[in-house]
Amino acid sequence: MIMLNMWRISWLNITQNKKRFFISLLGIILGIAFVTSMLIADKTTNDVFEYYEQMYVANADYWVLSDEHTYSEDVVTSVLTSSAVTETLLALDKQAFFELEGDQSLNQRSVRITGVNDQNSSLLKLPVIEGSLDNEGLVIPDVVANLLNKEVGDTIRFADLGEAKVSAIVEYTQLLASPSDWEGAEQKSFRIMAPLDLLRDWTGMDNELSYVRFQTNNEGEKLFQSLQEEFRNSNVYVQPVVADDRQSNDIGGLYTFFYLIAGLSMFISGFIVFNMIYTSVMERKKEFAIMKSFGYLQRSVSRLILIEVILLALIGAAIGVPIGVWLGDMFMQTLLSVFEFDMVYTLNWQIPILTAVVIGVLFPVVFSLFPIYNAGKTSVLLTLKMADQTHSSKSRYIFRAVLGAGLLIFAFIDHPVSYLAILASIILLFPFLLLGVNRIFKPILKLFFGYSGSLAAKNLTQQLNRNANTSAILAVGIAVILLLSAVIESAPEGYENEIRNTYGGDLRVTSEAAWSNQDKAKLLAYDSIANVEPLTEATPITWETIDGEKRQFSIFAVDKEGPILFDRSEKEKSYNELTKEPSILLGERAFDEWGGNVGEYIYINTPSGKQQFEVLDVVKTSNYSGYVAFMDEHHLNNEFGWANSFDMLLTLNDGYTGEQLRDQLWLDYSNHLSKVETVEDEIKSTTSALTGMNELILIMLVLIIGLASIGTANTLLMNTLERTSEIGTIRALGLTKQQVKKMIIGEGLLIGLSGVIGGIISGMVLLYVTSQSKLLAGFISFQIPLGNIILALIAGVSLSLFASWISSATASKISIISSLKEG
Amino acid sequence: MIKVKNLKKAFIQGQARTQVLKGVDLQVEEGEFVAIMGPSGSGKSTLLQLLGGLDIPTEGDILINQNNLSEMTEKERTIFRRKYIGFIFQNYQLLPTLNVEENIAFPLHADGSLTMEKHRFILELLDSVGLKELGRKRANLLSGGQQQRVAIARALVNTPSVLLADEPTGNLDRNKAEEILGLISRFNRENNQTIIMVTHDIFAAGFADRIILFKDGVIDQVISRKDDDYAKYVANFMA
């Protein structure tokens with residue numbers, strides 16, 4: 001009963017001022033909503049990729065592949081007849097071209113047909129939307145059906161092969177991932193599925209297979225080892241089927257980005273709560289003093305405030321979490337569309353909601369610890385004597401200035417912690433920046449707002465710390481977002497440089513048959529081609545992380561004189577070492593995923609069986625975004641057991657473009673060419689998502705400024721309510737309501753302007769530090785994101801104006817008579 | 001001249017209606033110094049607030065120099081107040097962010113009428129209230145008596161025809177109070193300003209020409225200071 005009473009009293013206390021309660025609650029709601037949405041989006045993204053990876057893997061345990069394009073079905077008789085094998089799926093891949101009536105290029109019409117012996121196999125998971133898997137017709141993804149305007153029962157023709165009817169249309173699945181428009185088709189082939197027999201009929205590749213997938217019973221591991229032994233010196237090899245799509249997506253790294261923003265929003269919310277609770281405690285000092293004089297303990301007073309904070313946080317969580325779920329859904333839709341993933345998803349909300357509620361309740365409490373403690377420590381005598389206990393001393397400002405300036409030294413230290421130190425420095429130095437901005441803008445305010453402008457400038461110094469903190473929060477928000485947007489804007493250039501430096505040529509052409517010397521000579525005879533280099537890529541190759549988890553990537557053969565596939569600066573020594581013993585270089589993402597240290601050994605399932613290789617170094621490469629490895633060509637051919645090259649890297653003569661050459665190559669090598677990719681294609685596909693990302697960043701910039709503006713509204717409201725008597729006096733002395741409004745708007749404008757100016761300066765400092773950082777090895781250049789600065793300025797100033805308008809309305813409505821009584 | 005006709009004021013809070021002024025008729029001549037006394041809740045402060053245009057009457061008219069406050073809009077009343085009325089409050093109500101000079105100049109700033117001439121006048125006022133040396137000092141750093149002198153200078157800066165004082169000496173000791181009341185009556189004499197002062201203090205009321213005794217929202221008695229036994233009469237009334 002007593003406890004219930006405490007909650008009721010707390011409720012009455014926090015709702016005493018409706019507007020202040022509403023604004024503070026809004027701040028908490030938005031903070032929790034951001035955090036919830038990010039947690040949900042992260043979990044859901046993981047689920048989505050896991051779902052599609054599992055769909056790709058299906059029930060298969062192992063597969064037999066070849067380092068040539070195809071192999072004879074006879075080679076795998078031991079698999080097909082093994083008692084350990086419970087189910088098999090035979091597959092043949094063949095590159096072909098749609099026969100269409102439109103004017104699409106050969107490149108755009110390129111399609112990879114996978115022939116399978118059983119479309120209903122449990123080793124395949126095909127999410128059918130329409131039709132049935134009858135093993136007689138074609139299975140096509142919905143995006144292809146839409147683009148070709150085909151339905152179940154319609155016929156699709158393939159150049160030089162034949163025609164077949166569509167028997168099923170399926171949803172997105174990795175196995176049949178296809179472009180959804182003709183522009184995308186320039187960079188990526190379509191993929192469809194046909195019955196194996198039909199494809200063999202069309203191609204004449206009787207008895208040929210690209211791979212066999214199979215499921216095993218508990219004898220599987222034994223069979224795997226015996227097959228590794230059996231295939232040791234052949235052109236086929238066995239690998240476990242592993243769900244690992246990291247080579248084709250790097251979406252996980254993106255979430256560091258968004259968690260940073262969610263953390264920032266929670267920080268701003270925390271500050272809003274701190275402001276509200278601190279002001280409330282200061283206002284009620286007398287009440288606490290009276291409570292203590294009647295025998296209440298320090299603990300009881302602190303508990304009262306704690307309950308108020310928890311109540312506020314719980315209400316915030318109750319409203320913020322559902323909004324966060326909705327935001328998370330919106331975010332997922334935007335994210336998948338930005339990355340052009342035609343995927344379906346189910347929101348994973350249970351754990352994220354639980355986490356968000358815990359964070360949502362804990363954070364406000366943590367931010368309110370000081371006022372909670374302060375309330376308990378209220379001095380009865382001093383408070384009842386109305387002594388001013390809150391006045392900030394000069395020594396505190398000096399301490400703040402010295403500490404702030406000291407932390408700025410971190411700008412010269414190349415370490416991730418420096419960013420936090422710089423942000424802390426900005427917050428500490430903000431009172432001085434606010435005073436500077438105040439001095440500069442005072443004449444301008446006076447010009448536009450008359451005497452109200454002068455008063456606004458003077459009033460700002462009255463609660464300097466609070467006003468400065470409010471501005472600083474806005475500044476930190478703007479600085480971080482500007483840094484992120486500058487990184488996003490600058491990244492395409494960084495990626496482009498990295499791709500051009502490590503792509504190995506101007507075009508990469510992939511064939512279904514190993515390239516011969518005659519092919520090489522024929523290519524060199526083209527006027528446009530300056531150089532031709534074979535590229536050996538062993539794929540898919542499975543390996544183990546340091547924790548024994550199975551992963552899958554590609555291994556490129558490298559040669560000192562061959563094409564440059566990774567950043568070789570300062571790597572010459574390790575490159576030389578590659579040639580000595582069978583060893584390996586890992587791309588950055590692969591190295592992080594592996595989890596070991598340079599000098600340790602990585603276990604890899606090679607075509608010659610499971611082997612361990614020393615990891616010599618980590619290298620930067622654009623190939624598969626760094627989820628890749630490199631091995632000396634000689635060792636890859638011999639100890640590793642991979643002999644053939646299906647790719648050629650072409651370097652063009654000056655004045656020629658890959659686009660011009662592409663169609664010619666398709667015509668000349670149409671019987672075995674499977675892919676022609678230019679370096680521009682690779683740059684475009686890598687950077688196009690970043691352009692979409694920039695739009696997301698802009699939305700977040702406005703949202704963060706909006707949240708910070710709620711903080712401004714909150715602070716101004718506190719300032720207004722604390723100065724009720726003063727505002728009553730100036731109204732009594734003849735200031736009109738309009739003049740009072742202008743005064744408060746002027747204060748808000750100064751806080752907003754200081755925040756925006758401080759944010760832009762801080763953002764530039766952070767960006768400069770980032771551009772100079774060796775950690776990023778010059779990936780980010782110092783480019784001023786002018787567009788985003790203008791947006792920050794407009795959004796910052798206009799939202800601050802809106803925020804101050806809310807308080808100005810309250811100020812102008814203050815009753816002169818009752819406020820004079822308070823004084 | 002101030003004319004108050006059948007002035008009524010009621011406050012409504014929820015369902016409850018409190019009739020504070022129940023029909024006040026009053027005339028104060030130009031240059032007259034009037035003290036209003038009465039027990040708490042008698043309506044004297046409400047009358048002062050209505051005279052200053054801080055609030056509007058429920059019924060009746062207030063004419064100051066033939067301007068009817070009851071017929072003015074909120075904005076017109078504010079502008080009228082800053083031009084023609086000076087206020088002195090019990091708690092001084094100085095603005096803490098402004099220095100003494102800025103506090104005094106406030107009504108002129110609000111009006112946009114601060115000139116060099118007016119600035120010289122501010123300095124004269126400062127001198128006349130004995131604070132010549134303290135013009136640049138923050139107002140909240142002064143003593144109570146000094147703050148009230150600043151408040152008086154502020155009330156006089158726009159040379160108002162009417163000066164309204166609400167318990168101007170309520171927070172001061174007898175010596176300081178005498179000093180302040182002396183200043184107020186000096187300005188009354190020198191500038192022929194009409195002064196209406198609400199007070200509980202018979203000593204303060206003794207500086208006025210007339211004493212109006214309020215009771216239950218109506219004027220109960222009007223006494224001239226010239227009456228020999230006014231002090232005794234007032235004391236009895238207040239008791």
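In strand E21 of chain A, Met648(A) is the bridge partner of Pro534(A). Helices (H or I, at least four residues) and strands (E, at least two) are DSSP runs, numbered from the N terminus. This is a predicted model, in which local features need pLDDT of at least 70 and side-chain atom pairs count only at pLDDT 80 or more, while totals for chains, interfaces and linings use all residues. Residues are numbered from 1 along each chain as its sequence is written, and chains are lettered from A and ligands numbered from 1 in the order in which they are written.

**The sheet in chain A**

The pairing of E14(A) with E21(A), residues 647–652, is antiparallel and runs over six bridges. Two strands count as paired if DSSP finds at least two bridges between them. Both strands belong to an open, antiparallel sheet of four strands in chain A, ordered E14-E21-E13-E22. Its edge strands are E14 (529–535) and E22 (673–678) of chain A, and each pairs on one side only. From one strand to the next, the twist averages 20°.

Which strands does helix H19 of chain A touch? H19(A), residues 517–524, packs on the sheet against E14 and E21 of chain A, and its direction makes about 155° with that of E14(A). Helix H23(A), residues 658–668, also packs on the sheet; H23(A) touches E13 (507–511), E21 and E22 of chain A, and its direction makes about 175° with that of E22(A). Two residues are in contact if their C-beta atoms, placed from the backbone, lie within 7 Å.

Two packed helices are described by the angle between their axes and the distance between the axes. Axes are lines fitted to C-alpha atoms, for helices over the stretch in contact, and angles run from 0 to 180 degrees between N-to-C directions.

| Helices | Axes come within | Crossing angle |
|---|---|---|
| H16(A) (417–449) and H18(A) (464–502) | 8 Å | roughly 130° |
| H26(A) (737–772) and H27(A) (786–812) | 7 Å | roughly 150° |

Angles under 35 degrees count as roughly parallel, over 145 as roughly antiparallel, 65 to 115 as roughly perpendicular and the rest as oblique. H16(A) and H18(A) are therefore oblique to each other, and H26(A) and H27(A) are therefore roughly antiparallel.

The crossing of H16(A) and H18(A) is right-handed; a crossing is right-handed if the near helix is turned clockwise from the far one by less than a right angle, and left-handed if anticlockwise. Among the residues that meet are Leu423(A) and Phe430(A) from H16(A), and Ala468(A) and Val476(A) from H18(A). This contact has twelve nonpolar, four polar and no charged residues. Here Ala, Val, Leu, Ile, Met, Phe, Trp, Tyr, Cys and Pro count as nonpolar, Asp, Glu, Lys and Arg as charged, and the others, Gly among them, as polar.

H26(A) also passes H27(A) in a right-handed crossing. The contact of H26(A) with H27(A) has 16 nonpolar, ten polar and three charged residues.

Nine residues of domain 1 of chain A are in contact with 14 residues of domain 2 of chain A.

How many residues does each chain give to the contact between chains A and B? Chain B gives 20 residues and chain A gives 19 residues. On the side of chain B, helices H2 (74–84) and H3 (100–111) are the elements that give two or more residues. H3(B) gives the most, with five residues.
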